[in-house]
Amino acid sequence: MELTFLHGEKTTKRVYKHFSIGSQATTPGTMEQQKLEFFYIGKKADNIGNLINAFESGYAAESVSNAKSMLRRLLHNARNISLPDIIIVEAPVSIEQLRDLHLFLLMHKALTPVPVVVEASHAQPADIERLKNYTFVDDIVFLQDYNRQRLLRKVSFLKRLKHKLVDELNTSSIETSLQVSSPSSPILKRAFDILISGTLLLALTPLFLLIALAIRLESKGSIFYISKRAGRGYKIFDFYKFRTMFVGADAKIRELAHLNQYNAGDAGAMFFKINNDPRITKVGAFLRNTSLDELPQLVNVLIGDMSLVGNRPLPLYEAASLTTDEWAKRFMAPAGMTGLWQIKKRGKEDMSIEERLNLDIDYADRFSFMYDLWIMANTPSALIQRTNA
């Protein structure tokens, strides 16, 4: 294995025997055959050692500035030298450095599809939470938690996901410029979202005030429930709802896990929902049964975090369990207030994880403006639930 280090402007090379690392042999069809390359920005020797054990080859630079110099050289010699499959930045790292790297990658088309992740093993919890808000960070990883196979699988997945998102954005730009009047045009969907959400927010202001008063009279706490959710392309944003539970309800998830409607045992992917949830207030139960608790999401739609129609944005602990190739496709569709799950399965106790995810994937495969209109037309009959789940 060949690993190139960059210290300042001086480049040195160290050669490692690839097959002498561990006892794993390369077999046809495995991740090792793809010869993935990493680009590490940082100084931690243990992290570089883990990457050396996993990848065919790679590069390491001590700083973002040095990394940019090396990446320029790689681009200049792209015909003879392969570009990295992933860029891993060691935390702690400043927002200014991450933005500098992000702008550099955007300026070079060949590097735009390369995923950028932050290695956060040595980061403080507050720094990790801060990193989750940066849309130009594709993921946060802890290298000590990954064995060779799992790390390569993760890199391959992130690489395919980033390529798909970049291709999708490029295609959308072309279609928008050539087919503005198309019923499937993204610009038409966005214009519709702004028009409807803005109109409804103005018209429903008196109702918002009544709901706020009812919530405040019954229990102490905020009127709104705000949480981090993962939407399209795993983009993280603040998600708004009227509060329907007593304060501190999130802390009781582990305590009530055995009541989860979607309990999947060791299956991995997990949603969390409880029938007759004891954490829900009386006003909250009414709001949930009538779907009035969802109305503040019109703000999310207006500012562009969500669309009126799409797949539901997920809490981060749920989204983190859906990064496999099998299920990640549901994040290729816009996040929405209503969707196929709402009109076909909402409130039904017999819904499995697979059913819900397959509905999300079906929407991701088929969504268009006309399909959205059909879903919206069928939404009113699904608004009234029989349970407070």
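**Entry 1: the nonpolar patch**

I started with helix α9, residues 297–303. This helix gives the most to a nonpolar patch, with three residues. The model is predicted, and I keep that in mind throughout.

Which residues form the patch on the surface? I listed Ile194, Val299, Leu302 and Ile303. Together they have about 300 Å² of accessible area.

I then picked out Leu302, which sits in helix α9. Is Leu302 buried or exposed, or something in between? Its relative accessibility is 34%. Buried would need under 20% and exposed over 50%, so Leu302 counts as partly exposed.

Next I stepped back along the chain. Between α8 (282–289) and α9 there is a loop, and Ser291 lies in it. I looked up its backbone. Ser291 has a positive phi of about 65°, although it is not a glycine.

I also checked its cover. Ser291 has 7% relative accessibility. The cut-off for buried is under 20%, so Ser291 counts as buried.

**Entry 2: helices α6 and α7**

I moved to a helix pair. Helix α6 covers residues 186–203, and helix α7 covers residues 205–218. How do their axes cross? I found that they come within 4 Å and cross at roughly 60°. That angle makes α6 oblique to α7.

I noted who makes the contact. From α6 it is Leu201, Leu202 and Ala203. From α7 it is Thr205, Pro206 and Phe208.

**Entry 3: a cis peptide bond**

I looked at Pro92 next. It is in the loop between β5 (86–90) and α3 (95–107). The peptide bond from Ala91 to Pro92 is cis. I wrote down its omega, which is near 5°.

**Entry 4: the whole chain**

Last, I took the chain as a whole. How many helices and strands does it have? I recorded 13 helices and twelve strands.

The chain has 389 residues, and buried residues make up 48% of them. The chain exposes about 19,900 Å². Carbon and sulfur atoms supply 57% of that area.

My final check was on contacts. I took those between residues at least 6 apart in sequence. Of these, 68% join residues at least 24 apart.

Notes: Residues are numbered from 1 along each chain as its sequence is written. This is a predicted model: local features need pLDDT of at least 70, side-chain atom pairs count only at pLDDT 80 or more; totals for chains, interfaces and linings use all residues. Side-chain values use heavy atoms; hydrogens and water are left out. Patches are made of residues with over 30% relative accessible area and no salt bridge: like charges are joined within 9 Å, nonpolar side chains (Val, Leu, Ile, Met, Phe, Trp, Tyr) within 5 Å. Accessible areas come from the Shrake-Rupley method with a 1.4 Å probe; for residues, only the protein chains shown count as cover. A salt bridge is a side-chain nitrogen of Lys or Arg within 4 Å of a carboxyl oxygen of Asp or Glu. Helices (H or I, at least four residues) and strands (E, at least two) are DSSP runs, numbered from the N terminus. Buried means under 20% relative accessible area, exposed over 50%, partly exposed in between (1.4 Å probe, protein chains only). Contact means heavy atoms within 4.5 Å. Axes are lines fitted to C-alpha atoms, for helices over the stretch in contact, and angles run from 0 to 180 degrees between N-to-C directions. Angles under 35 degrees count as roughly parallel, over 145 as roughly antiparallel, 65 to 115 as roughly perpendicular and the rest as oblique.
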